[in-house]
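Hello,

Here is the structure I promised to pass on to you. Please have a look at the sequence and the model first, and then read my notes on what turned up.

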Amino acid sequence: MKLSVSLSFDNLDEYRIGLETINSGFLSDKVFEILKDGNIEIVEVILDRVKGTNSTKLHILSEISNIIYRFFKENPNIILYFFCDDLNAIPNNLKNIEPQAYRSQLFSALFSRHVNKYNIIGIEDISICIDSMGNNEYIHFITRSEHLKYIEIIKNNIEEIYIK
């Protein structure tokens, strides 16, 4: 499964949202087999800023959230996966925190805002922080409550592989 959506605002800012099933990579083959047996797909969310350098406005973040949520709602057997970028600086980073920590906090805040605004129940944002040689890496999973057992398997696998 693969989807790419481009958004343009006032001819100043452009964003690309990518949603793509992953079948290998950061988890063990055993975990991917368990997911496959449960008819569950892990779908990576990739957000790219194609154009613009100013802080992203709330209405733009809301539209991005809406697109991701519609995709999630239309696909009942997916778990969304988002790895917070650490390569690009945060414009106007007034909090002076790591880009990944900032993006993780922003992702959680947007999720919380969206589910509260639309009174959505039964969906969880699970965040995992990995210490990668002194740098924190943040991963988020958006899942339905009935799929939390898979998140537990994923978390255990991440701890086995990355947290040693």
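Let me begin in a loop: Asn119 sits between helix H3 and strand S5 (123-132). Helices (H or I, at least four residues) and strands (E, at least two) are DSSP runs here, counted from the N terminus. Before going further, please keep in mind that this is a predicted model, in which local features need pLDDT of at least 70 and side-chain atom pairs count only at pLDDT 80 or more, while totals for chains, interfaces and linings use all residues. Numbering starts from 1 along each chain as its sequence is written, and side-chain values rest on heavy atoms, with hydrogens and water left out.

Back to the loops. Asn119 has a phi near 55 degrees, a positive value in a residue other than glycine. Asn11 is a second case, with phi near 55 degrees and again positive in a residue that is not glycine. Its place is the loop between S1 and S2. These are worth a glance because most residues other than glycine have a negative phi. Are the two residues buried or exposed? Asn119 counts as exposed at 67% relative accessibility, and Asn11 counts as exposed at 58%. The cut-offs are under 20% relative accessible area for buried and over 50% for exposed, with partly exposed in between (1.4 Å probe, protein chains only).

Next, the charged pairs. Side chains of opposite charge can pair when their charged atoms come close. Taking a salt bridge as a side-chain nitrogen of Lys or Arg within 4 Å of a carboxyl oxygen of Asp or Glu, the count comes to three.

- Lys2 and Glu20 meet through their side chains at 4.0 Å, N to O. This pair links distant parts of the chain, 18 residues apart, with Lys2 in strand S1 (residues 2-9) and Glu20 in strand S2 (residues 13-22). Lys2 is exposed at 66% relative accessible area, whereas Glu20 is partly exposed at 33%.
- Asp13 and Arg49 have their closest N and O atoms 2.6 Å apart. Here too distant parts of the chain are linked: Asp13 is in S2 and Arg49 in strand S3 (residues 41-51), 36 residues apart. Asp13 counts as buried at 13% relative accessibility, and Arg49 as partly exposed at 30%.
- Glu63 and Arg70 form a salt bridge at 4.0 Å, N to O. Glu63 is partly exposed at 28%, and so is Arg70 at 43%.

Leaving aside neighbours within four places in sequence, which residues is Glu20 in contact with? They are Met1, Lys2, Ile42, Val43 and Glu44, where contact means heavy atoms within 4.5 Å. Ile40 is 20 residues from Glu20 in sequence and 13 Å away in space, C-alpha to C-alpha.

Now to the helices. Helix H2 (residues 58-74) has 17 residues and should span 24 Å at 1.5 Å a residue; its end C-alpha atoms are 24 Å apart, so the two agree. The expected span is 1.5 Å times one less than the number of residues. Among the buried residues of H2 are Ile60, Ile64, Ile67, Phe71 and Phe72.

How do H2 and H3 (residues 99-117) pack? They lie at an angle of about 70 degrees, with their axes 10 Å apart, which makes H2 roughly perpendicular to H3. Axes are lines fitted to C-alpha atoms, for helices over the stretch in contact, and angles run from 0 to 180 degrees between N-to-C directions. Angles under 35 degrees count as roughly parallel, over 145 as roughly antiparallel, 65 to 115 as roughly perpendicular and the rest as oblique. Leu58, Leu61, Ser62, Ser65, Asn66 and Tyr69 of H2 meet Leu106, Leu110, Arg113 and His114 of H3. By class, that contact has five nonpolar, four polar and one charged residues. (Ala, Val, Leu, Ile, Met, Phe, Trp, Tyr, Cys and Pro count as nonpolar, Asp, Glu, Lys and Arg as charged, and the others, Gly among them, as polar.)

Helix H1 (residues 29-37) packs with helix H4 (residues 148-162) at about 175 degrees, their axes 10 Å apart. That makes H1 roughly antiparallel to H4. Val31, Ile34 and Leu35 of H1 make the contact with Tyr150, Ile153, Ile154 and Asn157 of H4. The residues there divide into six nonpolar, one polar and no charged.
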